[in-house]
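Welcome, and thanks for taking a look at this one. Here is a short briefing to read alongside the sequence and the 3D view.

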Amino acid sequence: MNAMTIHRWSGIGDGRYTGQKLQQLVCHDDQCAGAKERIISTEMLIIDEISMMSRNMLDKLETVCRIRNITAAFGGIQLIVVGDFLQLPPVKNPRYGDLGEYAFTSSYWPNHSVFLDKVVRQDNETHIKCIRSLSLGEVNFEDNSFIHSLLRPLPTNHDNVNLFATNVLVDMFNRDCVLSMEGHLYTLDAVDSGEEKHLNTLVVQKVLWLKFKSNVMLLRNISDKLVNGLCGKVMNISDVSITVYFPPVNITADIRRISFTGI
């Protein structure tokens, strides 16, 4: 099954309901039929980025999963959680009584742990040590010197990647950049299909504006080199594909339509 947020998978949503109320909704509300089916049919549940999930949310998840088996923790579902508690913490939500406590403070926290302590993304020991110090909040003079050694001027042009807080701001920035470029404007519309209630309320039809030499970014892995986050320039546009040159890996590839499932 394709991955989705734990909030959608379980029917918890934004967390406004208590665990008991969620049980009632998932069992009897037709709008929660999908969550009910997923919970009942699941044997193993894997949650990534567990550091972002609060104790409050984990407790609610445990309660709602008991619709599968009232006598077993998480309804008898085998729970596997993955993440790093030195990264992003839970977000507090006082409005719904969520204090943002770490999930491992829950009495339902899994009782078996495996620690992965080997860094595989890089082999620079100085870099690894600095990242570890930053994670622990124990930066010393050597770490500070290493960080400052990485300072360099950045080009002030459209090749830079800009970060924004919401997709709306991203779309506005991308549109303005493309419209300011010379050349013919191509529009590529997404094709949405599914239940009408979801299409009307949850799916925003996406339109991609492109011109030759537009900067683009991959949003999913295509191969071992064409990976999520890789940036490139549009070299050609046709009805069936977009030809993109990716300078970091010196590869030109035809990017075709890809189907995305889920919301």
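Of the 263 residues in the protein, 24% are buried. Please keep in mind that this is a predicted model, with a mean pLDDT of 87 for the protein. The points below go from the overall picture to single residues.

**Overall picture and confidence**

- The protein contains 8 helices and 8 strands.
- Its C-alpha trace spans about 65 × 55 × 35 Å along the principal axes.
- Among contacts with a separation of 6 or more, 54% are between residues 24 or more positions apart.
- A pLDDT of 70 or more is reached by 91% of the residues.
- If you plan to work with particular elements, note that confidence is highest in α4, at a mean of 96, and lowest in helix α8 (residues 196-201), at a mean of 61.

**Helix α3 and its two sides**

- Helix α3 covers residues 33-41, and its buried residues are Ala35, Arg38 and Ile39.
- Viewed down the axis of α3, these buried residues fall within an arc of 95 degrees, so they line one face of the helix.
- On the face of α3 turned away from the buried side you will find the exposed residues Glu37 and Ser41.

- Strand β1 (residues 44-47) and strand β2 (residues 78-81) run parallel and are joined by 4 bridges.
- Within this pair, Met44 stands opposite Gln78 in β2.

**The open antiparallel sheet**

- An open sheet is formed by 4 strands in the order β5-β6-β7-β8, with antiparallel pairing.
- The edges are taken by β5 (215-217) and β8 (251-256), each with a single partner strand, so one side of each has no neighbour in the sheet.
- From one strand to the next, the twist averages 45 degrees.
- Strand β6 (residues 231-237) is joined to strand β7 (residues 241-246) by 4 bridges, and the two run antiparallel.
- Asn236 stands opposite Thr243 in β7.

**Two residues in the loop between β2 and α5**

- Ser106 lies in the loop between β2 and α5 (125-136).
- Is Ser106 buried or exposed? Its relative accessibility is 6%, and since buried means under 20%, Ser106 counts as buried.
- Leaving out residues up to four places away in sequence, Ser106 touches Arg55, Leu58 and Asp59.
- Gln87 is also found in the loop between β2 and α5.
- With 48% relative accessibility, Gln87 counts as partly exposed, because exposed begins over 50%.
- Gln87 touches Glu49 and Ser51, again not counting residues up to four places away in sequence.
- How far apart are Gln87 and Met52 in sequence and in space? They are separated by 35 residues in sequence and by 8.5 Å in space, C-alpha to C-alpha.

Conventions: Residues are numbered from 1 along each chain as its sequence is written. This is a predicted model: local features need pLDDT of at least 70, side-chain atom pairs count only at pLDDT 80 or more; totals for chains, interfaces and linings use all residues. Side-chain values use heavy atoms; hydrogens and water are left out. Buried means under 20% relative accessible area, exposed over 50%, partly exposed in between (1.4 Å probe, protein chains only). The arc is that of the directions from the helix axis to the C-beta atoms. Two strands pair if DSSP finds at least two bridges between them. Axes are lines fitted to C-alpha atoms, for helices over the stretch in contact, and angles run from 0 to 180 degrees between N-to-C directions. pLDDT is the predictor's confidence in each residue, from 0 to 100. Contact means heavy atoms within 4.5 Å.
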